[in-house]
Amino acid sequence: MSASPDSFPPAVAQALRVQPPGDVPASAAARAFNLQLTRIDKLKAQLDALDALGQSHRVELHQWVAPLQQRQRQRTRDMALWLAECLQGKALSRLQQDTATEALCRLAQTLADDGDASMAVLHDRHSRLTLAQKKQAAAEAMRARLEAVLGEPLANTDPDAPMEELLRAGMARWREVQDAAQARRRDKKNARKARQKPGAEQTQAQAQQADADTQLRTLFRQLASALHPDREPDAQERLRKTALMSEANAAYGRKDLVTLMQIQLRAELADPAAVSRLADDKLAALTLLLKQQVAELERERAARQERLAAEFDLPPGAVTNPNTLKQSLLAQVEALERDVAQLERDLDQMQEPAGLKRWLNAQHSQPKHDRSDRDPDDYC
């Protein structure tokens with residue numbers, strides 16, 4: 001099986017560099033072509049580095065964060081069960097019972113949201129509203145906010161749809177509105193351009209783009225003709241050509257000139273020095289394709305950085321790199337260690353009746369928004 005385009009050895013594009021014969025200096029067109037090849041190699045290496053960085057950070061999260069999260073869940077569960085046991089007695093005042101019930105429901109909901117079915121049962125046993133009712137109220141509030149932003153009802157959604165489905169539908173509709181507005185702006189811009197007589201520079205750029213597209217199409221057709229698996233009688237060779245043809249189809253679809261040229265060399269369908277013999281105008285057209293490929297790789301790099309930033313919950317505006325991920329990991333570990341330590345101190349205090357009452361009184365005296373980041377009432 002052939003390697004994918006992004007799994008080639010480092011600096012694979014450099015094998016396609018224009019090499020002037022003897023001591024002849026490279027032309028401006030050759031230097032521009034070689035520069036874009038260098039940029040492509042660098043960007044592909046950066047994409048590989050981002051993938052490796054994401055994988056290594058997931059391993060570190062599993063090593064350092066997962067055990068602390070497990071301790072946090074266990075201590076939270078212990079506290080919820082202890083409060084449920086304490087509520088069965090008569091030692092607490094009515095106000096303390098209400099505070100204990102609120103704390104129990106808050107703790108149980110935190111665990112239920114993470115999939116703990118027994119904590120969902122415990123919550124519903126003590127809460128004025130079940131988790132299902134809270135989620136429905138939250139979904140209705142979310143629907144109202146989304147429809148207010150969009151200025152129209154959310155179509156094609158069930159009245160009882162959960163919040164996640166409403167968010168997806170709302171974001172999809174928002175993207176449709178934005179895409180339609182962008183398309184209208186683009187159409188107006190294109191209409192204005194169509195009314196303008198193209199200048200010499202624009203005419204040259206259009207001709208160069210047409211030449212570049214023609215060269216790309218010609219290269220692909222040559223590959224398709226040489227690699228068509230149906231024309232290959234040998235079974236093993238047919239498998240190889242099928243893999244190469246699949247790779248070439250994908251590369252042509254994204255206008256990946258480097259990969260198409262690399263396939264040509266790997267399939268021994270071209271002289272490695274052929275590109276060095278191209279005229280400058282042909283090199284300029286190929287360089288245009290390389291620039292477009294560079295732009296696409298830069299967009300892909302930004303997209304991968306954004307995905308990793310979202311996955312690892314980096315602060316807004318933070319760039320995904322080893323330093324920001326390390327700082328995020330340290331902050332997560334520190335916050336979890338503080339939370340686990342506080343839960344353990346609270347559990348120790350609550351073992352004694354007097355300590356439990358002091359803890360409940362302290363909970364009642366706190367501002368509501370400080371009691372928990374995930375207060376059930378905040379969902380409504």
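Is Phe220 buried or exposed, going by its relative accessibility? At 13% relative accessibility, Phe220 counts as buried. Buried means under 20% relative accessible area, exposed means over 50%, and partly exposed is in between, with a 1.4 Å probe and protein chains only.

Some ground rules. This is a predicted model, where local features need pLDDT of at least 70, side-chain atom pairs count only at pLDDT 80 or more, and totals for chains, interfaces and linings use all residues. Residues are numbered from 1 along each chain as its sequence is written, and side-chain values use heavy atoms, with hydrogens and water left out.

Back to Phe220. A search of the whole structure turns up one aromatic pair. Phe220 and Tyr252 form that pair, and it is stacked: 4.3 Å centre to centre, with 10° between the planes. The cut-offs: rings of Phe, Tyr and Trp (its six-membered ring) pair if their centres lie within 6.5 Å; planes under 30 degrees apart are stacked, over 60 edge-to-face, the rest tilted. Phe220 sits in helix α6 (residues 200–227) and Tyr252 in helix α7 (residues 235–253), 32 residues apart. Helices here are DSSP runs of H or I, at least four residues, numbered from the N terminus. Tyr252 is partly exposed, at 27% relative accessibility.

Next, salt bridges. The whole structure has 22 of them. The test is a side-chain nitrogen of Lys or Arg within 4 Å of a carboxyl oxygen of Asp or Glu.

Take Lys326 and Glu60. Their closest N and O atoms are 3.1 Å apart. Lys326 is in helix α10 (residues 322–350) and Glu60 in helix α1 (residues 28–86), so this pair ties together parts 266 residues apart in sequence. Lys326 is partly exposed at 34%. Glu60 is partly exposed at 25%.

Glu344 and Arg71 also meet in a salt bridge, 3.1 Å from N to O. Glu344 lies in helix α10 and Arg71 in helix α1, so the pair ties together parts 273 residues apart in sequence.

Glu147 and Arg143 form a salt bridge at 3.8 Å, N to O. Both lie in helix α4 (residues 131–150), four residues apart, about one turn of the helix. Arg143 is buried, with a relative accessible area of 15%. Glu147 is partly exposed at 24%.

Salt bridges link Asp51, Glu300, Arg304 and Arg307.

Last stop: which helix holds Lys193? Lys193 is in helix α5 (residues 163–195). Lys193 is partly exposed, at 45% relative accessibility.

Terms used:
Helices (H or I, at least four residues) and strands (E, at least two) are DSSP runs, numbered from the N terminus.
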